[in-house]
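Open the model in a viewer and keep the selection panel at hand. The stops below go from the whole chain to single side chains.

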Amino acid sequence: MSGVAQTKVYAYEVALFGEFFSRDLKAILNRITLHTESAAPMHTHEVVFEQLGTPLLQSQGDDPVLLRARKEVGDGKESAWTLYSYLKPESVRVHPEATVRPWATCQVIGDALSLASALGYVRRSRIYKRGYVFRRGPLIIQMFQQEQVDPKTSLPIPAHADTLWEVEVKTATPVNTTAPQGGQIQVNTVRSAIEAVLEVQLVMKGLLDLRRQDI
């Protein structure tokens, strides 16, 4: 049976990305820990879906929507699935400093993967991510290695010691560009979110190259 979704719309996600070799882990871990408010181990299961007929849509000049299902699997406990819907990042001419893309999320009760199929999506990839998650004000910073899935057991295969580490610095709170009802100014704007991720870029300068990425 398909799951039940409760949608929460977030206008934009603002993000920077980077990667590094295992030999630099200790130095990067120390610097990020020094400049963040909290840290915790991270182990997530992610499944990426694409729309049915994606090649045809692309040939017609349309931008298919990606759907990512994600849940925490650490400490022997599994959280509920969350579905993330992403659109194409805005042009580098508009936002040259960071990736800015429209997105929406919804919490799913039940079978999220069947729900995605019922919505007209097909599975494109499936991975686990293991590492650390940090919080810095309105940002969440994920540092992880990807783990592939054993086709026989469906369990994660531990990453090789030389597997690249990946870093994602992104907004953890809604980022809106319009004023809410009542006309009050929205605190979290795209500009302030860009400035927040650029602060992390500056903090990590000389040790980790964080950059815009069209994904």
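Helices (H or I, at least four residues) and strands (E, at least two) are DSSP runs, numbered from the N terminus. This is a predicted model, in which local features need pLDDT of at least 70, side-chain atom pairs count only at pLDDT 80 or more, and totals for chains, interfaces and linings use all residues. Residues are numbered from 1 along each chain as its sequence is written, and side-chain values use heavy atoms, with hydrogens and water left out.

Color by secondary structure: the chain has 4 helices and 9 strands, in the order β-α-β-α-β-β-β-α-β-β-β-β-α.

Next, select E46 in strand β2 (residues 38-51) and R68 in strand β3 (residues 66-72). Their side chains form a salt bridge (a side-chain nitrogen of Lys or Arg within 4 Å of a carboxyl oxygen of Asp or Glu), at 3.1 Å, N to O. The pair ties together parts that are 22 residues apart in sequence. E46 is buried at 3% relative accessible area, whereas R68 is partly exposed at 22%; buried means under 20%, exposed over 50%, partly exposed in between (1.4 Å probe, protein chains only).

Which residue does the K129 side chain meet in a salt bridge? The partner is again E46, at 3.2 Å, N to O.

Finish at helix α4 (residues 190-203), where E195 and R191 are 4 residues apart, about one helical turn. Their salt bridge has its closest N and O atoms 3.7 Å apart.
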